[in-house]
Amino acid sequence: MIDKNSVSYGEPNYFVPTYSSPAKVSILKIHDDIAIVKQYSRKKEYRPYQIPLEFVCGSRENAKKCGRKWEHWKRSLSKG
């Protein structure tokens, strides 16, 4: 997890866990504890999405470590 007071907006400096491997993202906005992020890619344009700030990490290794917790959160969304 990152400190929301020291965020650099618009720069692809952060990582979030995904099912395959951590993805590099840039933070566009933070509202309460929800971050609006956009995945970084040189080839493809991605749409912004929301993710809890606890799953936005400062390094690839930390994003790998919180991957299992992220998967449980993601599955809880689909159960309704």
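Does Cys66 count as buried or exposed, going by its relative accessibility? At 13%, Cys66 counts as buried. Keep in mind that this is a predicted model.

**Around Cys66**
- You'll find Cys66 in the loop between α1 and α2.
- Skipping neighbours within four places in sequence, Cys66 is in contact with Pro17, Phe55 and Cys57.
- Cys66 and Thr18 sit 48 residues apart along the sequence, yet their C-alpha atoms are 10.0 Å apart in space.

**Phe55 and its aromatic partner**
- Phe55 belongs to the loop between β4 (49-52) and α1 (60-65).
- With a relative accessibility of 2%, Phe55 counts as buried, because the cut-off for that label is under 20%.
- Its contacts, again leaving out neighbours within four places in sequence, are Phe15, Val16, Pro17, Cys66, Lys69, Trp70 and Trp73.
- Searching the whole structure turns up two aromatic pairs. One of them joins Phe55 and Trp73 in a tilted arrangement, 5.5 Å from centre to centre with 40° between the planes.
- This pair links distant parts of the chain, with Phe55 in the loop between β4 and α1 and Trp73 in helix α2 (residues 67-79), 18 residues apart.
- Trp73 has a relative accessible area of 25%, so it goes down as partly exposed, whereas Phe55 is buried.

**Salt bridges**
- The whole structure holds four salt bridges, and three of them are worth a look here, including the one between Lys4 and Asp33 at 3.2 Å, N to O.
- Lys4 lies in the segment before β1 (14-16) and Asp33 in the loop between β2 (23-31) and β3 (34-39), so this bridge ties together parts 29 residues apart in sequence.
- Lys4 is partly exposed at 38% relative accessible area, and Asp33 is partly exposed at 47%.
- Lys69, one of the Phe55 contacts, forms a salt bridge with Glu54, with the closest N and O atoms 3.1 Å apart.
- Since Lys69 lies in helix α2 and Glu54 in the loop between β4 and α1, that bridge ties together parts 15 residues apart in sequence.
- Lys69 counts as exposed at 51% relative accessibility, while Glu54 is partly exposed at 35%.
- Glu71 and Arg75 also form a salt bridge, and their closest N and O atoms are 3.4 Å apart.
- Glu71 and Arg75 are four residues apart in helix α2, which means about one helical turn separates them.
- Both ends are partly exposed, Glu71 at 23% and Arg75 at 41%.

Technical notes:
Residues are numbered from 1 along each chain as its sequence is written. This is a predicted model: local features need pLDDT of at least 70, side-chain atom pairs count only at pLDDT 80 or more; totals for chains, interfaces and linings use all residues. Side-chain values use heavy atoms; hydrogens and water are left out. Helices (H or I, at least four residues) and strands (E, at least two) are DSSP runs, numbered from the N terminus. Buried means under 20% relative accessible area, exposed over 50%, partly exposed in between (1.4 Å probe, protein chains only). Contact means heavy atoms within 4.5 Å. Rings of Phe, Tyr and Trp (its six-membered ring) pair if their centres lie within 6.5 Å; planes under 30 degrees apart count as stacked, over 60 as edge-to-face and the rest as tilted. A salt bridge is a side-chain nitrogen of Lys or Arg within 4 Å of a carboxyl oxygen of Asp or Glu.
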